[in-house]
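Please look over the following structure before reading the notes.

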Amino acid sequence: MATVNFIKYRKQSAFTLRGVIQYACQKSKTLLPDGCRLITGVNCCAETAVSEFLSTKAQHKKTGDTQFYHYTQSFKVGENISPQTAHKIALEFAQKNYPNYEVLVATHIDAAHIHSHLIVNSVSFVDGKKLHQPPDTLRKLRLSSDEICQAHGFDTLPIYTFGRSKTPSRAQRRAQTRGNSWKDNLQQAIDDAMASRRTRGEFILEMERRGYQVKWTDTRKTITYTCPNGKPCRDDRLFGERYSKVNMELEFDYREKKQVPNKATGWECQRGALEQEPKPTPEISIPTSGRRLTDEILRHAKYLEQGVSEDDELETITELAALTALSFAGVYLLLDTIANANREKINDENLTDYITQLQQEPENCAGYEDEQEQLGFTMTMM
């Protein structure tokens, strides 16, 4: 059985398109023992997919906004399916759902489960129409995938409810297992700040001291946090009703006015320390790097080498981009170098020097795409 997932990108550019296609087409992920690679272009040539995507956009003068859509079709771990069959099913899926669009299909065989990446051009090569994906698109794509899988004799998953869960996602649970869940770190920072602050203003200042930006206004229904790694998170994406704006405002109202709220806030256990004499605000020290950067990057690289799901791959690549200030393309170059290096000899000094060297090429820098777009340049790739 297979499922289809959508991978969302906060910002897109021609460089993002190239980086994603380079990632999907890695030789180590798509190469079969007989030397064949599971990479195929639908309505385009796989080797020149980037330039064809961009050429179609330029021809119809639609080079801005969304550059592509990225989907994955994944089979469960242990599914009795050959890589060639999985690739064939992905091609049928692309041809059925995007007949007038260029699609690059790359099937990865290096993970515990076989899965295919489908990168779809946002502009039609037939009539120049932009591809629009309404809210029910994913539901329809999954049903289409089920029909194709059934035709090939594979079982399908139960009907998708698409309901929002208040429990951690699979990616979140794996991040918790690794001990590097940014959402867990955010919740812990909120817990610590709530244990020592009496007012909303004090809470926001304490969160900022810990590296978190807080957007908390009377006109918005939710509180939005921006983490040190740049990821935004609304309070309704955290695990527990006490993190909601309503309950936190009730709690601070109690702490300031000592009026018992008309409902439990979930923060009652944090009030004990506040009843005592206020303690001076502790100084927050930032530890020196040492081998901290090296160990962090090597841990991410080792995790990717073990074979993970496409969602976890994307999350890890994004974390590395935030950590190194490199673009996706720069991160791929860094990982390739690490894979061929003696890791015992890597330290923060030579690793930082190499990252700085990578940044000498503008396209490897995280902010290069935005800078070029602001200057009004049109990117031409390959």
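The side chain of Thr294 reaches the backbone oxygen of Asn347 at 3.4 Å, a polar contact (a pair of N or O atoms within 3.5 Å; within protein, one must be able to donate a hydrogen and the other to accept it, and residues adjacent in sequence count only if both atoms are side-chain atoms). The model is predicted, with pLDDT of at least 70 needed for local features and 80 or more for side-chain atom pairs, while totals for chains, interfaces and linings use all residues. Residues are numbered from 1 along each chain as its sequence is written, and side-chain values use heavy atoms, with hydrogens and water left out.

- Thr294 is placed in helix H11, residues 292-305; helices (H or I, at least four residues) and strands (E, at least two) are DSSP runs numbered from the N terminus.
- Thr294 has 0% relative accessibility and therefore counts as buried (under 20% relative accessible area, with exposed over 50% and partly exposed in between; 1.4 Å probe, protein chains only).
- Apart from neighbours within four places in sequence, Thr294 is in contact with Ile346, Asn347, Asp348 and Leu351, where contact means heavy atoms within 4.5 Å.

- Strand S5 (residues 115-121) has seven of its seven residues buried, so the rest of the structure largely encloses it.
- On one side of S5 the buried residues are His115, His117, Ile119 and Asn121, and on the other they are Ser116, Leu118 and Val120.
- Strand S3 (residues 68-75) runs antiparallel to S5 and is joined to it by seven bridges; two strands pair if DSSP finds at least two bridges between them.
- Strand S4 (residues 103-108) also pairs with S5 in the antiparallel sense, over six bridges, and the two form a hairpin with six residues between them.
- Val120 in S5 has Tyr69 opposite it, and Val103 also stands opposite Val120.

**The sheet S6-S7-S8**

- Three strands in the order S6-S7-S8 make an open sheet with antiparallel pairing.
- Strands S6 (213-215) and S8 (232-234) are at the edges with a single partner strand each, so one side of each has no neighbour in the sheet.
- From one strand to the next, the twist averages 20°; axes are lines fitted to C-alpha atoms, for helices over the stretch in contact, and angles run from 0 to 180 degrees between N-to-C directions.
- Strand S7 (residues 224-226) pairs with S8 over three bridges in the antiparallel sense, and Tyr225 stands opposite Cys233 in S8.
- Helix H7 (residues 182-194) lies across S7 and S8 and runs at about 60° to S8.
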